[in-house]
Amino acid sequence: MEDHLKEGKKKYEARAKRDKDRYQREMRNYTGPRRERRRRDADAPRKPPFSSLLFSQDHFDQIKEQHPNWTVGQVAKAAGRMWARCSEEDKIPYEERAAVLRAKYLEEREAYYHQCQRGN
C-alpha cells in the first residue's frame with residue numbers, strides 16, 4: 001500500500017517541479033508594475049526610541065571598545081542580551097526617558113496633524 005502512495009506522490013512532485021521551473025522562468029523576464037513605497041513625510045515628527053534602544057545607544061561604544069572587530073549587528077545583539085539580563089531597577093531610567101520622549105512625540109504629532117488640517 002505504501003509503494004502505491006509513493007508512486008502517486010512522485011507524480012505530483014514532478015508536476016510541482018515543472019510548475020516551479022516555469023514560474024521562475026516567467027519571473028526572470030517579468031517587467032510588470034512595481035508597487036511604489038509610500039514616502040515618509042519629512043516634516044512629520046519621528047517616532048521616539050524604545051527604552052531598550054536608548055540602553056543600546058548608551059552602551060554601544062562600550063561594547064565596541066571591548067570587541068572592535070564586531071559588526072553593528074553583533075554589537076546590537078550583545079546590547080540586547082545585556083538589556084535582557086538587566087534588573088528591573090536598572091531599566092527604570094531608560095523607561096522613564098522613553099516615556100518622556102513618547103509624550104513629547106505625541107504632543108508634536110498632534111500639533112503637526114492639527115496644523116496639516118488647518119493648512120488644507
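Mentor: Let us begin with a pair of charged side chains: Arg22 forms a salt bridge with Glu26, and their closest N and O atoms are 2.9 Å apart. A salt bridge here is a side-chain nitrogen of Lys or Arg within 4 Å of a carboxyl oxygen of Asp or Glu. Please keep in mind that this is a predicted model, in which local features need pLDDT of at least 70 and side-chain atom pairs count only at pLDDT 80 or more, while totals for chains, interfaces and linings use all residues. Residues are numbered from 1 along each chain as its sequence is written, and side-chain values use heavy atoms, with hydrogens and water left out.

Trainee: How many residues apart are Arg22 and Glu26 in helix α1?

Mentor: Side chains of opposite charge can pair when their charged atoms come close. Arg22 and Glu26 are 4 residues apart in helix α1, so about one helical turn separates them; helices (H or I, at least four residues) and strands (E, at least two) are DSSP runs, numbered from the N terminus. Arg22 also forms a salt bridge with Asp19, with the closest N and O atoms 2.6 Å apart, and these two residues both lie in helix α1 (residues 2–28), 3 residues apart.

Trainee: Which salt bridge involves Asp58?

Mentor: The side chains of Asp58 and Arg97 meet in a salt bridge, at 3.1 Å from N to O. Asp58 lies in helix α2 and Arg97 in helix α4, so this pair ties together parts that are 39 residues apart in sequence. The structure holds 4 salt bridges, including the ones named here.

Trainee: Is Ser51 buried or exposed?

Mentor: Buried means under 20% relative accessible area, exposed over 50%, and partly exposed in between (1.4 Å probe, protein chains only). Ser51, which lies in helix α2, is buried because its relative accessible area is 16%. Leaving out residues up to four places away in sequence, Ser51 touches Trp83, Tyr94, Glu95 and Ala98, where contact means heavy atoms within 4.5 Å. Ala111 in helix α4 is partly exposed, because its relative accessible area is 46%.

Trainee: Which residues make up the largest nonpolar core?

Mentor: In soluble globular proteins, nonpolar side chains tend to be buried together. A nonpolar core is a set of buried Ala, Val, Leu, Ile, Met, Phe, Trp, Tyr and Cys residues joined through side-chain atoms within 4.5 Å. The largest one here has 6 residues, namely Leu54, Phe55, Trp83, Cys86, Tyr94 and Ala98. The elements that give two or more residues to this core are α2 (51–66) and α4 (88–119).

Trainee: What does Cys86 touch, not counting residues up to four places away in sequence?

Mentor: Cys86 touches Phe55 and Lys91 on that basis. Lys91, whose place is in helix α4, is buried yet has no salt bridge, and the nearest side chain of opposite charge, Glu88, is 4.2 Å away; Lys and Arg count as positive and Asp and Glu as negative, while His and the chain ends are not counted.

Trainee: What pattern does the protein chain follow along the sequence?

Mentor: The protein chain follows the pattern α-α-α-α, with 4 helices and 0 strands. Of its 120 residues, 16% count as buried.
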